[in-house]
Amino acid sequence: MTKVGVSVAAAIVCMPAFGFAQSAGDARMNQIQVLGSHNSYKQAIDPSLLLLLRKQWGERQVQGIEYSHLPMQRQLDLGLRALEIDVVYDPHGGLYAHPKGLDLVKNGHLPPGPAYDPEGLMNKPGFKVLHMPDVDFRANVYTFQQELAILKAWSEAHPHHLPIPITMNAKDDGIHQPGYVQPLAFDKAAFDAWDAEILEGLGRDKLITPDDVRGDYPTLEAAVLAQAWPKLSDARGKFFFVLDETGQKMATYIEGHPSLKGRMMFVDIDEGHPEAAFRIVNEPKRDWAYIQYLVRSGYYVRTRADADTMEARKNDYSRWRAALISGAQVISTDYYVPNPKLGTDYRVSLPGGQPGRWNTLLLPSDRPLPPFE
């Protein structure tokens with residue numbers, strides 16, 4: 001399917017609801033739409049380091065990373081039902097324990113930020129949570145294990161919550177200069193360890209995996225095209241993970257696991273592959289027709305309401321409106337609360353004010369309004 005750019009106004013004319021035969025009681029987990037956050041773990045860069053980065057990188061590049069998020073449990077309390085976490089591979093521990101940015105601030109005789117990792121968690125083996133090694137390293141938690149523990153505790157306190165997709169990046173690129181960390185590549189051992197941390201951290205009963213969707217179908221994609229996602233009632237209280245990578249990293253993750261058999265994460269792969277189930281299409285204004293095609297076909301889709309702080313700085317809701325019209329099941333934002341520093345009140349929330357709503361393209365036939373917890 002070729003991606004098509006068509007005006008949002010035209011989209012409104014041609015978006016009749018796709019009425020499933022089953023009742024709302026039998027609705028599938030892909031028949032809802034939720035709001036989520038982008039780089040959900042991220043704290044603001046220290047002001048002194050941000051000043052140095054502006055001088056080195058330029059204003060426009062720095063603006064794109066000038067955002068931050070509330071702790072994840074607070075985001076979930078506010079009604080977000082999709083998250084994004086980036087990790088780096090650190091099997092021995094200590095690789096990211098002393099970011100170069102701290103030295104840059106100290107050597108520049110600038111005011112330091114708050115103490116970094118006072119408990120020494122970055123020295124322990126395991127996946128670490130951060131955006132950009134050495135420069136954008138502040139996170140609400142330090143380790144992936146911590147993050148999973150927080151998510152599990154929140155879920156157990158809210159056992160009927162909507163299924164929560166978590167997109168994940170495998171960060172393995174650093175700044176290629178002396179003194180900066182060179183991240184480890186994500187090889188098969190890394191991906192196996194990552195799957196093991198997810199399984200150990202949340203437990204199998206808290207997960208929706210490719211095996212759960214594929215069932216008795218010959219491939220994962222065959223199940224998706226048959227609209228065989230788990231029932232919404234069965235998916236409540238659970239999480240599912242998506243590897244947001246392409247090329248060799250995605251190929252390594254799939255290798256030896258046809259249709260992602262035995263894997264904990266879905267992948268973002270083009271239609272026509274046995275592993276195709278979840279698509280990430282981040283330009284809803286340009287690609288709304290393509291997103292609608294994917295959603296109607298059975299794929300789960302994430303798109304974005306805003307990116308790189310641009311919409312928030314301009315108070316521009318056109319991308320948000322296009323995302324809603326597209327029918328993507330997940331819409332990601334950096335602004336579920338406004339940032340007054342940007343000089344606007346830009347903020348997005350789902351119509352109806354609940355944590356989720358029926359997907360306008362995949363409505364159940366009777367459409368009662370259940371509690372979208």
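Mentor: Happy to. Keep in mind that this is a predicted model. Let's begin with helix 12, which is mostly covered: 10 of its 14 residues are buried.

Trainee: Which residues in helix 12 are buried?

Mentor: The buried ones are Pro284, Asp287, Trp288, Ala289, Tyr290, Ile291, Gln292, Leu294, Val295 and Ser297.

Trainee: And where does helix 12 bend?

Mentor: At tyrosine 290, by about 40 degrees. Helix 12 runs over residues 284-297, and tyrosine 290 is also on the buried list.

Trainee: What comes just after helix 12?

Mentor: Glycine 298, which takes a positive phi of about 125 degrees.

Trainee: Switching to aromatics. How many aromatic pairs are there?

Mentor: The count comes to 19 aromatic pairs. One of them joins tyrosine 89 and phenylalanine 186, with ring centres 6.0 Å apart and planes at 40 degrees, so this pair is tilted.

Trainee: Where in the chain do tyrosine 89 and phenylalanine 186 sit?

Mentor: They come from distant parts of the chain, 97 residues apart. Tyrosine 89 is in the loop between strand 2 (83-88) and helix 5 (100-107), while phenylalanine 186 is in the loop between strand 4 (164-170) and helix 7 (188-202).

Trainee: Is tyrosine 89 buried or exposed?

Mentor: Tyrosine 89 counts as buried because its relative accessibility is 12%, and the cut-off for buried is under 20%. Phenylalanine 186 counts as buried too, at 4%.

Trainee: What about phenylalanine 240 and phenylalanine 266, what kind of pair do they form?

Mentor: An edge-to-face one, with 5.9 Å centre to centre and 85 degrees between the planes. Phenylalanine 240 belongs to strand 5 (residues 239-243) and phenylalanine 266 to strand 6 (residues 265-267), 26 residues apart. Phenylalanine 240 is buried with a relative accessible area of 0%, and phenylalanine 266 is buried at 1%.

Trainee: What lies over the face of tyrosine 253?

Mentor: Arginine 263 does, at 4.2 Å from the ring centre. There is also a lysine arrangement: the charged end of lysine 42 sits over the ring of tyrosine 67, 4.7 Å from its centre.

Trainee: Charges, then. How many salt bridges are there?

Mentor: The count comes to 22 salt bridges.

Trainee: Where are arginine 54 and glutamate 66?

Mentor: Arginine 54 is in helix 2 (residues 47-57), and glutamate 66 is in the loop between helix 3 (59-63) and helix 4 (72-77). The two are 12 residues apart, and the pair links distant parts of the chain.

Trainee: How covered are the side chains there?

Mentor: Arginine 54 is partly exposed at 26% relative accessible area. Glutamate 59 counts as partly exposed at 39%, and glutamate 66 does at 25%.

Trainee: Which residues are linked with Arg54 in a network of salt bridges?

Mentor: Glu59, Glu66 and Arg313 are linked with Arg54 in that network.

Trainee: What about aspartate 270, which side chain does it meet in a salt bridge?

Mentor: That of arginine 279, at 3.2 Å from N to O. Aspartate 270 is partly exposed, with 42% relative accessibility, whereas arginine 279 is buried at 5%.

Trainee: Now the surface. Which residues make a nonpolar patch?

Mentor: Leu70, Leu78 and Val337 make one of about 200 Å². Valine 337 is in the loop between strand 9 (330-333) and strand 10 (356-358), and valine 337 is partly exposed at 34% relative accessible area.

Trainee: Last one: where is arginine 321?

Mentor: In helix 14 (residues 318-326). Arginine 321 is partly exposed at 48% relative accessibility.

How values were computed: Residues are numbered from 1 along each chain as its sequence is written. This is a predicted model: local features need pLDDT of at least 70, side-chain atom pairs count only at pLDDT 80 or more; totals for chains, interfaces and linings use all residues. Side-chain values use heavy atoms; hydrogens and water are left out. Patches are made of residues with over 30% relative accessible area and no salt bridge: like charges are joined within 9 Å, nonpolar side chains (Val, Leu, Ile, Met, Phe, Trp, Tyr) within 5 Å. Accessible areas come from the Shrake-Rupley method with a 1.4 Å probe; for residues, only the protein chains shown count as cover. A salt bridge is a side-chain nitrogen of Lys or Arg within 4 Å of a carboxyl oxygen of Asp or Glu. Helices (H or I, at least four residues) and strands (E, at least two) are DSSP runs, numbered from the N terminus. Buried means under 20% relative accessible area, exposed over 50%, partly exposed in between (1.4 Å probe, protein chains only). The bend at a residue is the angle between axes fitted to the seven residues ending there and the seven starting there. Rings of Phe, Tyr and Trp (its six-membered ring) pair if their centres lie within 6.5 Å; planes under 30 degrees apart count as stacked, over 60 as edge-to-face and the rest as tilted. A charge sits over a ring if NZ of Lys or CZ of Arg is within 6 Å of the ring centre and within 35 degrees of the ring normal.
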